[in-house]
Amino acid sequence: MKKILFSLVATIMLSVTGNAQIDINNISKEISNDSNFIELINALEKYSELPRVKNVVSFSKEKILTEEEKNTLLKQLSFNSFEEAYSFDMNNYNFLEKIYKKYQLSNYDSKTLNTIYNNAISLRLPSGGTNCRSKYGSCKLLAHGTYFVAMSGCVASGVGVGTLSFWCAGCVGWGLGVTCVTGATMVYDSMLDSCYYDYQDCIK
């Protein structure tokens, strides 16, 4: 009897696991074809091709940057103007918010979210191979996925850019929105830097 029960429980667990995997794969496929996802991926791909600048400035909610530091940070993130940086944060947040709500991604933990996003990104931007360029492409895809998860955290927290954007001149100033949204961009940019410098080492 115990063997029968064990076998039944094992079958049920395998079925649940299998269904969960199918669910993840289906969501990833749907997201990969979503217009908001495509817009966001295109924006990230475009950003990832900008010249890389080594990080020299960091910020946190406890630190108020001087105007000189703000301008250095702007260049560090490869933006030409505060308006460009603001649009990057604002547009990407809006794209991700629509994806997050449409596919009810709040039902998944960060590890599963990372799998969903990475699967979707791989479907849209397939990579592979062992040469330097292929490794560089794979590294950038991982950076994209990390950015998606970080921005999802901002959405889940109810943090918007808008008046809280670090780059918005004349806005209310420092706040959670600043450290979350622009912070996600800084982590993403740092990962792209690592990908680029690893690529440069590879081709030497």
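Trainee: Is D89 buried or exposed?

Mentor: First, the model is predicted, so local features need pLDDT of at least 70 and side-chain atom pairs pLDDT 80 or more, while totals for chains, interfaces and linings use all residues. Numbering runs from 1 along each chain as its sequence is written, and side-chain values use heavy atoms, leaving out hydrogens and water. Buried means under 20% relative accessible area, exposed over 50%, partly exposed in between (1.4 Å probe, protein chains only). D89 has a relative accessible area of 1%, so D89 is buried.

Trainee: Which side chain does the side chain of D89 make a polar contact with?

Mentor: A polar contact is a pair of N or O atoms within 3.5 Å; within protein, one must be able to donate a hydrogen and the other to accept it, and residues adjacent in sequence count only if both atoms are side-chain atoms. At 3.0 Å, the partner of D89 is the side chain of T182.

Trainee: How far apart are the C-alpha atoms of D89 and A184?

Mentor: Along the chain, D89 and A184 are 95 residues apart.

Trainee: Which residues is Y147 in contact with, leaving aside neighbours within four places in sequence?

Mentor: Contact means heavy atoms within 4.5 Å. A184 turns up again here, as one of the partners of Y147.
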